[in-house]
Structure formats: C-alpha cells, structure tokens
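Please read this briefing with the sequence and the model side by side.

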Amino acid sequence: MHIPDGYLSPLTCIATYAAALPLWVIAFKKLKSQLDETTLPLIASLSALSFIIMMFNIPIPGGTSGHAVGASLIAILFGPWVASLCVSLVLLIQALIFGDGGVTTFGANALLMAFAASFSSYYVFEALKTRTFAPYVSGWVGVVCASIVLTLFLGIQPIIAVADGQPLYFPFGFALTFPAVVGSHMLFFGVVEAIFTGIAYRYIVKNRIYKGANV
C-alpha cells in the first residue's frame, strides 16, 4: 500500500503534505496529553508491532502483494489521533531507512494508512462497540478505507499530469485502479487486518494489559 516516489505528481505531493501537516500538529498535541507511565509502553509496543506487520508483504493471485497496517488496534485503544501519529512515524522510518514508500509521497501515505485507516476504524468501533465482532469489522474497514484513498491518489494522476496525451506519473485511471486495489484489500488484506485487530484487542482486554482499553 506504500506509494513509492515517482508515482504521484509534484502537485499531489505538495497538496498531501499541506493537508497532513496541520493534522500531525493536532495529533502531536493529543498524543502528549495521553502519554504517561502506563500508556507510553503500550503505545510504543503497538507502534513497533505496526512497523513489523507492515514489513511482511502477503502475495496474492495476480502477482501483487499487500500487508496489514496495525492502525486500527491503536485507534480503538487510544483514539484516532494517537494512532495516526504513531503510524505516521512508522511510515517515516520505513521511507527514510528502508525505502518502503517514498519521501515525496510520505504525506500521501500518512493520509491513507495513518489518518484514513485510524479514523474510519475508530468510528466504526464506536458504533459497534457493544458487539463482539466490533474490533474485527473495525480492522477490515480501516484497511479498505485506506485502499479507497490510495485509489483516489493514484487514479487521479492520469487526469492531472499529462504531456502530449501521455500520463507522466501513475498511468492507470480509476477504472483499472479501483477494482485492483480496493478489491484485493476487501478480499485479502482487510481480512488479515481484521483478524489481527480482533485477536490482539481481545488479548489486551482479557489480560487487562491496558486498563483504559476502549470497551
């Protein structure tokens, strides 16, 4: 799901950075207000877990691959702002050190995998929190929403960045990108995220690892 350098036009990169910057400022303030001796170890551990699971790409039929994100679990435990900042930091490290996702596309990657996934997961969980399947649905929705935002960023490129009738960056429009990206995340990676979020959330609540867990 990481967008590499060269896939998005400079205009898109600038716009996504501009959109993400104020959100990071708000998220940082929210994180500061929640950090204490009980929350810091778990937030750090879950951020590290998000980093690890994003490094494991799962191959699927068709020659592509994808991964879980881990944003949903952090979002339903600590809220969407904290989750967004944690996943953004994970994405930044992956881009700078491992080349997983571009530097110029970091703003876009943060908007889709950090903010879109975290906020959609959180509000779905809030709506279903009395149901036992709530964390599973929350995880699935988070990844699928992230894939929809990814499709928007990619699919718009052949429209806004063209020279002599040829796309300059990502060449495929919405008609091809949407089913390929969103479909695979609905069928495969969303399911992986759902299972991970559901099992991890139940384990944390059952063992009272975090007493402030959103139950």
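The points below are grouped by topic.

This is a predicted model, in which local features need pLDDT of at least 70 and side-chain atom pairs count only at pLDDT 80 or more, while totals for chains, interfaces and linings use all residues. Residues are numbered from 1 along each chain as its sequence is written, and side-chain values use heavy atoms, with hydrogens and water left out.

- S50 is part of helix α2, residues 39-55; helices are DSSP runs of H or I with at least four residues, numbered from the N terminus.
- The relative accessible area of S50 is 1%, so S50 is buried (buried means under 20%, exposed over 50% and partly exposed in between, with a 1.4 Å probe and protein chains only).
- Setting aside residues up to four places away in sequence, S50 touches V69, G70, V87 and V90, where a contact means heavy atoms within 4.5 Å.
- A polar atom of the S50 side chain lies 2.7 Å from the backbone oxygen of V69.
- L91 is 41 residues from S50 along the chain, and their C-alpha atoms are separated by 9.6 Å.

**Aromatic pairs**

- A pair of aromatic rings is described by the distance of the centres and the angle of the planes.
- Rings of Phe, Tyr and Trp (its six-membered ring) pair if their centres lie within 6.5 Å; planes under 30 degrees apart count as stacked, over 60 as edge-to-face and the rest as tilted.
- The count by this rule is eleven aromatic pairs.
- One of them is the edge-to-face pair of W81 and F119, with 4.9 Å centre to centre and 85° between the planes.
- W81 sits in helix α4 (residues 80-98) and F119 in helix α5 (residues 106-128), 38 residues apart.
- F119 is partly exposed, at 21% relative accessibility.
- F125 and Y201 are also edge-to-face, at 5.3 Å centre to centre and 70° between the planes.
- Because F125 lies in helix α5 and Y201 in helix α8 (residues 174-206), this pair ties together parts 76 residues apart in sequence.
- F125 is buried at 1% relative accessible area, and Y201 is buried at 2%.
- One aromatic cluster is formed by W81, F115, F119, Y122 and Y123.

**Nonpolar core**

- A nonpolar core is a set of buried Ala, Val, Leu, Ile, Met, Phe, Trp, Tyr and Cys residues joined through side-chain atoms within 4.5 Å.
- The largest core has 53 residues, and I3, L46, L73, F78 and L112 have the most contacts inside it.
- The largest share of this core, ten residues, comes from α5.
- Beyond its neighbours within four places in sequence, L73 is in contact with L46, F196, T197, A200, Y201 and I204.

Terms used:
Helix = DSSP H or I, 4+ residues; strand = E, 2+ residues; numbered from the N terminus. Polar contact = N/O pair within 3.5 Å; in protein donor to acceptor, adjacent residues only side chain to side chain.
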